[in-house]
Amino acid sequence: MADVRKILFTGAAGGIGTMTRPLLARLYPGLVLSDMVRPKDLLPSETFVAADLTKPDEVAAAVQGAHSVVHFGGFSVEGPWDTILQANIIGCYNMFEAARAAGVKRLIFASSNHAIGFYPRKRRIGSDVTVRPDSRYGVSKAFGEALGAMYADKHGMAVTCLRIGNVGPKPLDVRRLSIWISPEDIVQLIGIGLEHPDIRYEIFYGASDNKAGWWDNSRAEALGYRPIGKSEDHRAHAEAEQAKIGPDPVGDLFQGGTFCSAEFTNDVKRAGP
Ligand code: 15L
């Protein structure tokens, strides 16, 4: 019999949502999409429910009857505090709380490399390091990871946080050679979050098989992650794009790049672990 369990995918109209929807639709027909605005080109197998994450009743209506949630909704870059507060702090809480109340079993949360952006590029880190956010946005992602841990431990929700690097067809510059992930590989990580029987609370790095990578993703690999994308295949493109960008004396030292240098008033010697 076909699996008819409802999966809700928030942020469906956003950048990652747009790149992954066609791939997810093949694996999970019947996906329920949500966002503030209806994505263009809805497939016959997809349904859409509009929801503003800051409105608990709209979030509750969207999540009603769901077995799993892929929560990619929210504000996806640095922004003013009130924007981050509404979309990524209040909105994320509303989603976890609505999911708990609706009896959701699994939640995959789109965290970000900006939760650990102040680690130096020369340091290789695992997913167990202390968060070092590089922005208000990064702080909101660390908050989402902490919420996930609380809902996993207190309520038994199987939560997977993906510390996503940068999703796209190719790495955009030299920094992205270390953090790039292909749409196919992020779909693979989402699938592990949706299906692996051992998941209680996990943090995976959202990165492809990048020779220049900074992250130890052995836990994701232990649960079956086999990335296909290799950023090295796109090195010439990334270096050509990098040549168009000037040096960033702060951002070039740290994993979070320009998110670290923006609004920076510290001495680089005192920043980062
Ligand atoms: C992110 O978290 C953002 O959502 C994305 O737009 C990129 O800025 C990415 O990080 C990055 O670090 O490249």
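This report describes the overall build of a predicted protein model and some of its salt bridges.

## Basis

In this predicted model, local features need pLDDT of at least 70 and side-chain atom pairs count only at pLDDT 80 or more, whereas totals for chains, interfaces and linings use all residues. Residues are numbered from 1 along each chain as its sequence is written, and side-chain values use heavy atoms, with hydrogens and water left out.

## Overall build

The protein has nine helices and nine strands, taken as DSSP runs numbered from the N terminus (helices H or I, at least four residues; strands E, at least two). Its radius of gyration is 18 Å, close to the 19 Å given by the globule rule for 273 residues, so the protein is as compact as a globular protein of that length; the radius is taken over C-alpha atoms, and the rule is 2.2 Å times the number of residues to the power 0.38.

Buried residues make up 52% of the 273 residues, where buried means under 20% relative accessible area, exposed over 50%, and partly exposed in between (1.4 Å probe, protein chains only).

## Salt bridges

A search of the whole structure finds twelve salt bridges, each being a side-chain nitrogen of Lys or Arg within 4 Å of a carboxyl oxygen of Asp or Glu. One of them joins Glu46 to Arg21, with the closest N and O atoms 2.8 Å apart; this pair links distant parts of the chain, since Glu46 lies in the loop between strand 2 (32-35) and strand 3 (47-50) and Arg21 in helix 1 (residues 15-27), 25 residues apart. Glu46 counts as buried at 5% relative accessibility, and Arg21 counts as buried at 7%.

Asp209 and Lys230 also meet in a salt bridge (2.6 Å, N to O), but here Asp209 is partly exposed at 33% relative accessible area and Lys230 is partly exposed at 37%.
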